[in-house]
Amino acid sequence: MAATASTASLSLLLQKTPLNHAFLKPNSTTFTLTNQRSVTPFSISCSATTPIQDRPSLQSQPQDRVFNFAAGPATLPENVLLKAQSELYNWHGSGMSVMEMSHRGKDFRSIIEKAEADLRTLLSIPENYAILFLQGGATTQFAAIPLNLCRPDDTVDYLVTGSWGDKAFKEAQKYCKPKVIWSGKSEKYVRVPSFDGLEQSPNAKYLHICANETIYGVEFKDYPVPSNPNGVLVADMSSNFCSKPVDVTKFGLIYAGAQKNVGPSGVCIVIVRKDLLGNAQEVTPVMLDYKIHAENNSLYNTPPCFGIYMCGLVFEDLLKQGGLEEVEKKNKNKAGILYNAIDESKGFYRCPVEKSVRSLMNVPFTLEKSELEAEFLKEAAKEKMVELKGHRSVGGMRASIYNAMPLAGIDKLVAFMKDFQARHA
């Protein structure tokens, strides 16, 4: 069919847009309007078209991604991102995105329940532990932990191996009587102490550690045992969560911000032994009461739905890789390659952390010639390796090589480091 029009207003509209236009709508007719520079008749041709897809083919998308060594938010598995992309517009035929779902509807309940089940499988979490998907990041738990696990006059112990452990201790001072039983601050946080020499408080309600210090690159390879038989071990595992198998039963509580290893920012996961619930201090805000969240299956209020969905996709992916035993093997291999490059550089690159407690996730290093650091970062960025600058409090470089960092990223970084050294040594 054809139609003819000669209205000046429509022609004027077309004059303002020199390119041809195609207005597309699924399952409808395509209208092609040809611009005319003068006020002359034009035609509108209408013809049937093949319905377009709801989303473009994933395979047709250009692959132009960098190697992202950021400490968090951090790189995510590419296949997880592509799956989220494919499900973004219409999740499993529900007719809506996960971002649009009611958190009380059956669709989202299936998402959060599967995420919890897969996490239980990954870490072999017993049924006497509750899994909570919360908001506020791990930093909020610095307050929630003492509010839930002790009274204002109770003593608790903190073993401080870096900035995050120190911040957790300082926050706890508002709600109980915390004591630092060891700190590596005077040595610039380069080691973990011998557990035998720790002078723990005999009545401490809990002993708190940060299992992996993101800034300084110090990681516990084993865990201390509270001297109080009624005390529990509490661990911030934000930056090595799900990077290796962990015996959850050694802990009363584990918490982790998701944005480093298992998802985007906005989700904090708490794994807490159920017998520890229900003892919150009277001043505890309802949103920090673990018992409230456990009783409501993390749905007391609107949770970070899309973030939880993304965590679920990551858990699913880790299981497909063979579980955390296989993931740990890959992480040890990647870290070993990078640390070897540093150690074999004859001092051009240096890692200050004691070898026995070097992190598999966060690798800090300095250059012998500190004046070259800016050039190192600039050249690395040109090679599509980004976020290698060390934390502002310590300087130098830091390569965060979480689960999702592919071996190709490590190989490229090491090759670059060797080339940079050859040109600047």
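Where in the chain is the place of Glu87? Glu87 belongs to helix α2, which covers residues 78-87; helices here are DSSP runs of H or I with at least four residues, strands are runs of E with at least two, and both are numbered from the N terminus.

## What you are looking at

This is a predicted model, in which local features need pLDDT of at least 70, side-chain atom pairs count only at pLDDT 80 or more, and totals for chains, interfaces and linings use all residues. Residues are numbered from 1 along each chain as its sequence is written, and side-chain values use heavy atoms, leaving out hydrogens and water.

The chain holds 10 helices and 18 strands. Of its 425 residues, 50% are buried; buried means under 20% relative accessible area, exposed means over 50%, and partly exposed lies in between (1.4 Å probe, protein chains only). Taking contacts in the chain between residues at least 6 apart in sequence, 67% join residues at least 24 apart, where contact means heavy atoms within 4.5 Å.

A salt bridge here needs a side-chain nitrogen of Lys or Arg within 4 Å of a carboxyl oxygen of Asp or Glu.

Which residues does Glu87 contact, leaving aside its neighbours within four places in sequence? They are His92, Tyr309 and Leu313. His92 sits in the loop between α2 and α3 (106-123) and has a positive phi of about 50°, although this residue is not a glycine. With a relative accessible area of 56%, His92 is exposed.

Helix α7 runs over residues 305-320. At 1.5 Å a residue, its 16 residues should span 22 Å, and the end C-alpha atoms are 23 Å apart, which agrees; the expected span is 1.5 Å times one less than the number of residues. Most of α7 is covered, with 13 of its 16 residues buried. After the helix comes Gly322, with a positive phi near 110°.

Lys83 and Glu316 form a salt bridge in which the closest N and O atoms are 2.8 Å apart. This pair ties together distant parts of the chain, since Lys83 is in helix α2 and Glu316 in helix α7, 233 residues apart. Lys83 is partly exposed at a relative accessible area of 28%, whereas Glu316 is buried at 17%.

## Other salt bridges

How many salt bridges does a search of the whole structure find? The search gives 24. Among them is the pair Glu187 and Arg191, whose closest N and O atoms are 2.8 Å apart. Both partners are partly exposed, Glu187 with a relative accessible area of 34% and Arg191 with 24%.

Glu219 and Lys221 also meet in a salt bridge, at 3.1 Å from N to O. Glu219 counts as buried at 1% relative accessibility, while Lys221 counts as partly exposed at 41%. Elsewhere, salt bridges that share partners join Lys83, Lys114, Asp118, Glu316 and Lys320 into one network.

## Backbone details and a surface patch

Most residues other than glycine have a negative phi, and most peptide bonds are trans. Here are two spots to check against that background. Gly72 and Pro73 are joined by a cis peptide bond, with omega about -5°; Pro73 is in the loop between β5 (67-68) and α2. Lys346, a residue other than glycine, has a positive phi near 60°. The loop between α8 (324-343) and β15 (349-350) holds Lys346, which is exposed with a relative accessible area of 79%.

Val286, Met287 and Tyr300 make a nonpolar surface patch of about 240 Å². Patches are made of residues with over 30% relative accessible area and no salt bridge, joining like charges within 9 Å and nonpolar side chains (Val, Leu, Ile, Met, Phe, Trp, Tyr) within 5 Å. Met287 lies in the loop between β14 (268-273) and α6 (290-295), and is partly exposed with a relative accessible area of 35%.

Key
Accessible areas come from the Shrake-Rupley method with a 1.4 Å probe; for residues, only the protein chains shown count as cover.
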